[in-house]
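Please read the briefing below alongside the sequence and the 3D view. It goes from terms to one helix, then to a sheet and to chain totals.

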Amino acid sequence: QYSPDSVAGADGEIDPTEITFPGCSCRSSSCAVPECPCLCRGENYSGSLCLRLAEQQEQRFSRPVFECNSLCQCGDGCQNRLVQRGLRLRLQVFRTERKGWGVRALEPVPRGAFVCEYAGEVLGSAEAHRRIRAQTAQDPNYIIAVREHLHDGRVMETFVDPTRIGNVGRFLNHSCEPNLFMVPVRVDSMVPKLALFAAADISAGEELSYDYSGRFHNLPGTSREHKPLEEENRPRKPCYCGSRTCASFLPWDSSLFSTP
């Protein structure tokens with residue numbers, strides 16, 4: 001079932017449509033720092049509606065991204081409303097030679113531009129682990145676990161499953177040298193939208209991909225990928241990305257197969 005936005009999972013534990021953030025009282029057509037409290041919370045977009053990549057790389061920790069929301073007084077044309085507007089680029093789902101379905105851009109995409117969201121059912125930890133443990137080695141896994149490492153050592157987890165309900169993001173393939181990277185973007189609440197941005201200028205016809213492990217554009221050591229233990233008896237799936245630095249296997253996180 002196609003859905004442009006994430007929805008509450010079958011467990012009903014998390015509702016991504018719930019509005020818990022207060023809105024800004026900005027009356028201008030487009031919010032600006034330091035007047036807008038939404039922009040003061042974290043990172044903001046450039047005038048070309050692209051994520052400021054250079055500033056993120058210069059910091060030890062990436063600043064969070066908060067967009068203006070449905071309670072804000074600013075208009076729909078505010079430049080701090082980007083991911084919530086949804087897909088604007090022309091993308092195509094196509095059959096690849098060895099990787100099953102894939103997604104490519106039908107128009108040039110500039111570096112830092114928002115491409116699409118990875119949308120699906122937002123699950124609680126228990127339901128996400130239950131679904132993952134129920135999979136066989138032959139089943140495709142669409143469930144993504146995003147861990148945000150906060151400056152005080154805490155870790156926030158978000159689980160999204162587009163297996164039954166999702167959007168075009170579910171067809172994106174992994175690459176060890178991807179041209180997209182994922183950023184959690186918050187609009188109405190602390191439940192993030194998993195937004196994919198262009199890591200470089202992308203040509204029309206080029207396949208779109210991101211690093212499933214989350215290592216790309218992040219600090220070394222933040223990924224919890226582990227080598228599989230022999231007793232888990234789960235063969236790793238080969239990677240066919242074809243990049244020079246290909247790890248030969250798709251990323252693996254053995255903690256997802258343990259009891260939360």
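Contact here means heavy atoms within 4.5 Å. The model is predicted: local features need pLDDT of at least 70, side-chain atom pairs count only at pLDDT 80 or more, and totals for chains, interfaces and linings use all residues. Residues are numbered from 1 along each chain as its sequence is written, and side-chain values use heavy atoms, with hydrogens and water left out.

**Helix H3**
- Strand E6 (121–123) and strand E8 (155–161) are among the elements that cover the buried residues of H3; helices (H or I, at least four residues) and strands (E, at least two) are DSSP runs, numbered from the N terminus.
- In helix H3 (residues 125–134), the buried residues are Glu127, Ala128, His129, Arg131 and Ile132, where buried means under 20% relative accessible area with a 1.4 Å probe, protein chains only.

**Open sheet**
- Four strands form an open sheet in the order E3-E4-E12-E9, with mixed pairing.
- Strand E3 (91–95) and strand E9 (173–174) are at the edges with a single partner strand each, so one side of each has no neighbour in the sheet.
- Strand E4 (residues 101–105) pairs with strand E12 (residues 207–210) in the antiparallel sense over two bridges; strands pair if DSSP finds at least two bridges between them.
- Arg104 lies opposite Glu207 in E12.

**Whole chain**
- The protein chain has three helices and 12 strands.
- Of its 260 residues, 44% are buried.
- Of the contacts between residues at least 6 apart in sequence, 67% join residues at least 24 apart.
- The accessible surface of the protein chain is about 13600 Å², with 50% belonging to carbon and sulfur atoms; areas come from the Shrake-Rupley method with a 1.4 Å probe.

How values were computed: Buried < 20%, exposed > 50% of the residue type's maximum accessible area, 1.4 Å probe, protein only.
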